[in-house]
Each structure stands twice: as structure tokens, then as C-alpha cells.
Amino acid sequence: MKLFAIFGDPVAHSRSPLMHNHVFKSLGFKGCYTRIQLKDGSKLRETFFELGLSGANITVPHKEAAFNACDEIRGFAKKIGVVNTIIYEDGKLIGYNTDADGFMYAIEPFGKIKSVLVLGAGGTSKALSTRFKDEGMDVTVMNRSGGRLEEFKESGFKTETWDSIKIEAYDLVVNTTSAGLEDDDLPAPRGALELLLKQASFSADAIYGKETPFLKLSKELNVTTKDGADMLLGQGVLANNHFTHAQYDLKDIERYMKESFLF
Ligand code: NDP
């Protein structure tokens, strides 16, 4: 039996154990997936080895620490320095990022997006903003504080803090902050957010399993919204494919994972 886990803080809300365990069982794969609350991201590597894990997902706030915990980084994660999936391979930890592809899957129904405002400057923001830029979108990143924006600025993104935000029309506004995850906060000051959303066609939240204040406000302003459930599904299918070493059809993984959303 192979053991997998999700590391995060908080982590109690995570649906990943339910999703992956249902897929493992349905596919006949001998695996078990649990959740681990980890306060100190620098302990990720030793905890992974202590528990004898075969793989893991990493959520808020340890995705950048997860990058540093790995021996080798593959694919898109290399470009952004953010890891949400780790696989044990011949004594080494291999890091991947499946969040950006998961999110692109989620916003497919919105059609062509030309401009996007990304709220937040953490690991999820870095993954999504970079993928949006790769797709040719005009990307602005806004965060409540300036520190984490420096890296975005150096990578050529337009950046704003709450103090400098300009009200412009964006096709899509995305919340990648953890505002609303465990509190009733909006990811930006209400007045500015209202003006921004009034001019937007779509909004999306990375948070799932609840209507965040950001999504509630979007709906009140008649913006077409999406919560983080489809992103969760998309990133989960790709992570499960890594866990099971690509031996199953992605369509089957997706079907069983979707089933787990009904529980
Ligand atoms: P990080 O800790 O790396 O970044 C958090 C960001 O949120 C920072 O920019 C921080 O700003 C900002 N922030 C935190 N609290 C507030 C607040 N009250 N108001 C405004 N800004 C705030 O987190 P991640 O990028 O790893 O995750 C972000 C969110 O995305 C989480 O809620 C996570 O659950 C969700 N997520 C969902 C996924 C899915 O599959 N649906 C996948 C990945 C993530 P500052 O720099 O000023 O501290």
C-alpha cells in the first residue's frame, strides 16, 4: 500500500483525501491518501521521508517551500519556482506544478480572455499569472502588500498594491489570495473591487467549497463567476496521474474524481 498526503496549514478543509482515495479505490490502485497539518514549511522534506510517503500535494502556504524541498523540478514548476505535487522516485523528491493547467481547464467555458487582473502574489498567483502571460493575456497582479510583488515586477508583470490600484476594465478578475478561506474578508478594498468587477465579464476564485465574499460580491454585480472546484478537479486529475505513474486513462481519473465531488 502506497501512502500519499496533502501538506498545508490550514488543511482540514481540503477535499484532496476524498478525491484521491476514491480514484485509487475505483482504479484498483493500492494507495491511501491523508492530510497533514504542517506549520513549518522547512520541515516538509523530513516529514515526507519520516512518513515514508510515495507522493504528496502541497497547499497554502507551503508551495514555495515545497520547491526548495525537492531534488529535481520538472515541467512548468521549474519556470515558476512553485510546487504543488511531489513524487518520490529512487530516493529523490521530484516536484511538479499542476495548478496552472487545472485553472486553464476551469476557465475554458469563459472563451477567449484578453486581459486579467490577478489578486494576490503568493504561489498560486505566480503559477496562474505566468500561465496567463504564456497564453498571451495582458496580466496585472495586485496584492495588499508590496514585498511579494517585486518578483512579479522583475518578471515583467504590471503590478499594483491596494494603494496604487487603477480602475481599468479587465475581462477576468481572479482571486488567488486566501481572503475568504477562513474569514469573511474581501481580497481587496470593497470600493475598488466593486468598480473593478462592474467592468469585468468574468471572475474566478481559487477557493472552493464555499461562496467567498469575493464570489458573492461578483454575483451581486452580475459578473459570471466560477469557484475553485473545477481548478481543484483539474489539478487533482493531473496530480493523480503522477501518483499512479501515468498507468491509467486520464478520462477515467477525471470521471472517478468528479464522482467524489458528489459525496
Ligand atoms: P500563499 O500563502 O502563497 O499566498 C497568499 C496570498 O494571499 C498573498 O498574496 C497574501 O498577501 C494574500 N492574502 C492573504 N490573506 C489576505 C487577505 N485577508 N486580504 C488580502 N490578501 C490576502 O497562498 P497560495 O497561493 O498557496 O493559495 C492561495 C489560495 O488559493 C488559498 O485559499 C488556496 O486554498 C487556494 N488554492 C486553490 C486551489 C484549487 O485547486 N482550487 C489550488 C491552489 C490554491 P500578502 O503578500 O500581503 O501576505
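**Ground rules.** I am working with a predicted model, in which local features need pLDDT of at least 70 and side-chain atom pairs count only at pLDDT 80 or more, while totals for chains, interfaces and linings use all residues. I number residues from 1 along each chain as its sequence is written, and my side-chain values use heavy atoms, with hydrogens and water left out.

**Shell.** I counted 29 residues around the ligand, taking a residue as near if one of its heavy atoms lies within 4 Å of the molecule. The closest are A121, T124, N143, S145 and A206. By class I get 13 nonpolar, 11 polar and five charged residues. Here Ala, Val, Leu, Ile, Met, Phe, Trp, Tyr, Cys and Pro are nonpolar, Asp, Glu, Lys and Arg are charged, and the others, Gly among them, are polar.

**Elements.** I looked up which helices contribute, using DSSP runs numbered from the N terminus (helices: H or I, at least four residues; strands: E, at least two). Both α6 (123–134) and α10 (229–243) supply at least two shell residues, and α10 gives the most, with three.

**Domains.** I took the bounds from an automatic or database domain assignment. The ligand lies between domain 1 (2–97 + 230–260) and domain 2 (101–226), because both give residues to its shell.

I find the ligand in the largest pocket. A pocket here is an open set of points on a 1 Å grid over the protein atoms alone, where a 1.4 Å probe fits, with protein on both sides within 12 Å along at least five of seven lines. A molecule sits in it if more than half of its atoms lie within 2 Å of its grid points.

**Polar contacts.** I listed pairs of N or O atoms within 3.5 Å. A polar side-chain atom of S145 is 2.6 Å from a ligand oxygen. An N or O atom in the D185 side chain is 3.2 Å from a ligand nitrogen. At L232 a backbone N or O atom lies 3.3 Å from a ligand oxygen. The ligand taken alone exposes 940 Å², of which the protein buries 91% (Shrake-Rupley method, 1.4 Å probe).

**Backbone.** I noted a cis peptide bond between D9 and P10, with omega about 10°; P10 is in the loop between β1 (2–8) and α1 (16–27). Another cis peptide bond joins V60 and P61, with omega about 0°, and P61 lies between β3 (55–58) and α3 (63–69). D90, a residue other than glycine, has a positive phi near 50°. I place D90 in the loop between β5 (85–89) and β6 (92–96).

Terms used: Polar contact = N/O pair within 3.5 Å; in protein donor to acceptor, adjacent residues only side chain to side chain. 1 Å grid on protein atoms, 1.4 Å probe; cavity = no way out; pocket = protein on both sides within 12 Å on 5 of 7 lines; lining within 4 Å.
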